[in-house]
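User: Can you walk me through this one? Keep it quick.

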Amino acid sequence: MGAPFLEVRNLQTHFSTFGGSRVVKAVDGISFTVREGETLGLVGESGCGKTTTCLSIVGLLPAAARVVGGEIRLAGEDLTKKSQREMRRIRGRLVAMILQDPMASLNPLFSIYTQVAEPAYYHLGMRSRSLRRRVEELLRSVRIPSPAMRMRNYPHQMSGGMRQRIVGAIALAGGPKLIIADEPTTNLDVTIQAQYLDLLKDIQQETGVAIIFVTHNLGIVAKMCDRMAVMYAGKIVECGAVRDLFRAPQHPYTKALLGSTAKLGSKEPLFAIPGQPPDLANLPSGCAFHPRCSEAMQRCSEQEPETVQCGQDWTARCWLTHTKESLRHERASA
Amino acid sequence: MSAPVLEVQDLQKHFPVGTGSVLRRKTGWVKAVESVNFTIEAGQTLGLIGESGCGKTTTAKLILLQERPTAGTIKFEGEDIGGLRGEALMRYRRAVQVVFQDPFGSLSPRMRVGDIIAEPLEIHSDLTRAQLQERVAEVLELVGMSPDVAKLFPHEFSGGQRQRIAIARALATDTRLIVLDEPVSALDVSIRAQNINQLEHLQDTLGVSYLFIGHDLATVAHISQRIAVMYLGHLVEIADSAELCAHPLHPYTQALLIAALPAHPDVKQERLAIIGEIPSALAPPSGCRFHTRCPHAMPRCSTEVPVSKEVAPGHAVACHLY
């Protein structure tokens, strides 16, 4: 596997409202890496900071939000220091994004050709015939039948699955090294979803693009991703290889998420996580998960755990892992 | 076994499509539901699964009498609901209730939770104010909420809690069948499990029947005893939940199973053999509706509509392969 292409270190993105009197720490000190050609799953429930993380990377945060600390290194350069003008040269060329709702990301007034051609026009400097050929090629690569005819269509003439494939073609148009896909299949039907996921895998194999897959669906992670990062209340609570995390989850939240998903053909009662996800403006003390955690101890409500290494390329943020690891160290030294 | 709670026979619903001009000419029909047959036994759950536009929700509306069928009958506890009038109709509406997908749209933001739950009771019973309050407290406790929440407004609750309030409202009258139209699709994963467990617990304690509509096979298979698969208005396969997951017969059911996401990264994944998208219901394919996407299509499939055959006890499939 290649060197880290994207390296996020201690990223903090806060929303401040009411003139700064109310601060919501949507992303609170997260670190992760994405290697070339790899797929990282970013998993968590709504409001845990997944989308804010992605928007911080591409520099498209809403006005109230600001990156207040940490760095985002993409191909060696720190994106947090870039001006909006410089970011425009990076978005589309190095990083592209696929959003959840294709109708919201496509412009209903422009033809498919115009929209797919735009990134190639600006970033690759393509014009006239070569541009047309490029668009045709892109549409073919996302399996749009008769692309030469279809590129004259408008978004409303296409089905939901096709629109999402068009968005995929736009994302690929600038030849990016990283695609951030924010719940791209939530609005699609199951068979269309399966087709889309297979398509993304094929594209990845052909172009070697790295993908960050934002989702709350662990099934998609199991199918698509090499590594996963589980987020809870603005922090990454566990991060590692998908196989390791599914086999032996360290953090109780990862365990609970895995237990709460219905498995095909199993009638066993689901493991329900009690309570609600916390309000980010008013977080519980200590570990943010402790009020819902089945293994919470006295210490969890008082002190926040640090991220510990619990295997090769595997970290967790839980006092249980701390205890386990320190025991192992003691045993090793003895 | 006692008589089924609900018996649906040869149900059809066609919607006219107009030109939209002043003349309002009819230019065609959307056959939303064609040939649907199933039964729901007392205290059991039937899962109805299919992709958007396959007629799941129209079927639910027909059962709830929000739409009248073009043809076919729906029998509730042995009685044809098409002929119900007056008091008998009110009795039916009391016994059959619904929970919708979006708990933000289905609860009035201007009413207190207690009033929301009491509304069906005010219509269907002549309880006094005190008795109403008592019943509201009772059903709130059934869904695991404190009776004190009756004084609050819906915006003070999360999606999962709102869905519980909707379930409490559905239970308030002496409900024997609840139509659950994608009740957990809008919820977060951790909350989804809470609500599914809650629904299963309510069925065990109250013996209420469910028609559970969904598109996620794993969830539907978890809660249902039997599953019916729909495709473009046709019921293509119906079987016991375990049987359907272990031996899917119809190529569409097989495709749904392949498309279902794996529970573990080590699960071997087949590639989906079906291609293309769901055809428009305005111009459905001839013969078997699925033949345009089916990997096993034969010449016969495009001309002849397959009839549902029982291939094993309790397992019926509509496909020329069997």
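Analyst: Two residues are in contact if their C-beta atoms, placed from the backbone, lie within 7 Å. This is a predicted model: local features need pLDDT of at least 70, side-chain atom pairs count only at pLDDT 80 or more, and totals for chains, interfaces and linings use all residues. Residues are numbered from 1 along each chain as its sequence is written, with chains lettered from A and ligands numbered from 1 in the order written.

User: How many residues of chain A are in contact with chain B?

Analyst: 37 residues of chain A are in contact with 34 of chain B. Helix 8 of chain A gives the most to the chain A side, seven residues. Helices here are DSSP runs (H or I, at least four residues), strands likewise (E, at least two), numbered from the N terminus.

User: New topic. What order does the open sheet have?

Analyst: Its four strands run 2-1-4-5 in chain A, with antiparallel pairing. Strands pair if DSSP finds at least two bridges between them. Strand 2 (22-35) and strand 5 (77-78) of chain A are the edges.

User: And which strands pair over two bridges?

Analyst: Strand 4 (65-74) and strand 5 of chain A do. Asp78(A), in strand 5 of chain A, is the bridge partner of Arg73(A).

User: Now Leu178(A). What is it in contact with?

Analyst: Leaving aside neighbours within four places in sequence, Leu178(A) is in contact with residues including Phe5(A), Val34(A), Leu94(A) and Ile212(A).
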